[in-house]
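Visitor: I would like to go through this model term by term. Please set each value against its definition.

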Amino acid sequence: MDDKGFLSQLVDTAKACGADHSDAIFNRSQDVSVKCIDGKLETIQSRESSAFSLRVFVGNRTASVSSTLLSDEETKSLIKNTIVRAKYSPEDPYAGLVPAESLAHDLGGDLEILDETEVAHSSLIDTALEIESSALSIPKIERCVSAHASAGRKKSILCTSNGFLHESSRSSFSRYCEALAADQDSMESEGHMSTEVFHEDLVASKTIGRIAGERAAARLGAQRMKTGQWPVIFESTISNSLLGIFVNATTGSSISSGTSFLQDEMEKKVFGSGVQIVDDPLLKRGKASRVHDGEGTSCKRIDFIKNGVLRSWFLNMATARRLDLCLTGHAGPLGTDGSPSNLYMAAGNLSPSELRSDIELGFYVTGLLGSGASIVSGDYSIGATGFLIEKGEITTPVREATIAGNLRDMFMALTPASDLEFRYGINAPTMRVDGMMVAGV
């Protein structure tokens, strides 16, 4: 039996065992990764895995289970036990499958998320060695902590008891370097990476190593900065963290439970007028491109922030029903909470250098330490590293700083630069946020 047949049988068995409705997802992945240190191969890992998850509904009660592949009898026993658990779970009047009319029907078109390129193990090793060599060529680099190269594929199939069945496959290739710089007074490490759907889109190996080395060397001699209220610029490599907080504050569960500082802000201005935040699941070669979400809902581009105004929430079936709103296509696997696809903040009009040109004293943030945002109150406080900005120029490296503010004020004061790149699933350009508190010495 092929994988689609197995998943269809899983759903049919659930119905035969007493489930009113069910949906199931099957994932099969394979990847290989290598790590080189000191000019030689340290590890090579080849992994293959297969697993399924099943969600059953008995009336308005639900339960779910995940497992690797089992025998027919073991699978049937697992399904029966899951149905028993569902019968004893609390009732949820909003639980259920996506109605058939809301399921994705147009599943054609090539999103270009599968690259069939086969990368030999020897090629991955050569890549990792080249990354390391490039990093070590930078002055003051003591050693390369890690040089990685990997390639993988993943197949996912979603099946629902009301007639939805779709299979998709995607590929992923990555390169990474962490370099350690040292002088007589200090040691600093920094990394750089590239992850792409298509192998040909990867940043060159030598560039990965060089940038990691340059970033590490530039941090030598880091100092504490003066405490005060300063303009803060988030480098584009970490600015997407603010969008991640925005997602958490706009999921259906946070809104319906009343635990978001944005819960009363729909159709109100929460960012500056020039800010646009878009979720585009149909972006070609996007890291999170898809034609349907984890429940089978059709996906489309949505402007979540348009000219600074909040326009939508990230909803799954249950939260859309609870809030009496239309589905948005943002369910995670089997109905888990709000899951964006290719989310990004649109580029602004100023280059990063123009964005900081009028700053007499500020903080250019290149790294964040831990997490420190409350989506309930909007309070934000997090450890950070980076560089001083003095008279518009990036100067002395900074260590052990804390930046703080309130997300309401930060969002309104935020100005995006023009350097948007699609590195991750969530992307943003360099951002400037005025008036943040920076705690140093």
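Visitor: Why is Thr82 called buried?

Guide: Buried means under 20% relative accessible area, exposed means over 50%, and partly exposed lies in between, with a 1.4 Å probe and protein chains only. Thr82 has 1% relative accessibility, so Thr82 counts as buried. This is a predicted model, in which local features need pLDDT of at least 70 and side-chain atom pairs count only at pLDDT 80 or more, while totals for chains, interfaces and linings use all residues. Residues are numbered from 1 along each chain as its sequence is written, and side-chain values use heavy atoms, with hydrogens and water left out.

Visitor: Where does Thr82 lie, and what does Thr82 touch?

Guide: Thr82 lies in helix 2 (residues 72–87). Helices (H or I, at least four residues) and strands (E, at least two) are DSSP runs, numbered from the N terminus. Contact means heavy atoms within 4.5 Å. Beyond residues up to four places away in sequence, Thr82 touches Val56, Ala63, Ser64 and Val65. Arg55 is 27 residues from Thr82 in sequence, and 8.3 Å away C-alpha to C-alpha.

Visitor: Which class does Ala51 fall into: buried, partly exposed or exposed?

Guide: Ala51 has 31% relative accessibility, so Ala51 counts as partly exposed. Ala51 sits in strand 2. Leaving aside neighbours within four places in sequence, the contacts of Ala51 are Ile25, Phe26, Asn27, Ser67 and Thr68. Ile25 is 26 residues from Ala51 in sequence and 8.5 Å away in space, C-alpha to C-alpha.

Visitor: What makes the phi of Asp38 worth a remark?

Guide: The phi of Asp38 is positive, about 55 degrees, although Asp38 is not a glycine. Asp38 belongs to the loop between strand 1 (21–37) and strand 2 (40–58). The relative accessible area of Asp38 is 55%, so Asp38 is exposed.

Visitor: What about Asn307: which phi, and which class?

Guide: Phi is near 50 degrees for Asn307, again a positive value in a residue other than glycine. The loop between strand 9 and strand 10 holds Asn307. With 44% relative accessibility, Asn307 is therefore partly exposed.

Visitor: How do you know that strand 9 and strand 10 pair?

Guide: Two strands pair if DSSP finds at least two bridges between them. Strand 9 (residues 302–306) and strand 10 have 2 bridges, in the antiparallel sense. Lys306 stands opposite Val309 in strand 10. Both strands belong to an open sheet of 5 strands with mixed pairing, in the order 10-9-8-11-16.

Visitor: Why are strand 10 and strand 16 called edge strands?

Guide: Strand 10 (309–310) and strand 16 (426–427) each pair on one side only.

Visitor: What makes strand 13 largely enclosed?

Guide: In strand 13 (residues 379–390), 9 of the 12 residues are buried, so the rest of the structure largely encloses this strand. Strand 12 (residues 361–369) pairs antiparallel with strand 13 over 8 bridges. Leu368 has Ala384 in strand 13 as bridge partner. Strand 14 (residues 393–406) also runs antiparallel to strand 13, joined by 10 bridges. Here Tyr380 has Gly405 as bridge partner. The hairpin of strand 13 and strand 14 has 2 residues between the strands, and Lys391 takes a positive phi near 50 degrees there.

Visitor: What makes a set of residues a nonpolar core, and which members of the largest one touch the most others?

Guide: A nonpolar core is a set of buried Ala, Val, Leu, Ile, Met, Phe, Trp, Tyr and Cys residues joined through side-chain atoms within 4.5 Å. The largest has 46 residues, and Phe234, Phe246, Phe271, Phe363, Tyr380 and Ile403 touch the most other members. Helix 5 (residues 240–249) gives the most to this core, 6 residues. Another core of 24 residues lies apart from it, with Val32, Ile125, Ile131 and Ala149 among them.

Visitor: How do you know that helix 5 is mostly covered?

Guide: 7 of the 10 residues of helix 5 are buried. Among them are Leu242, Leu243, Ile245 and Phe246.
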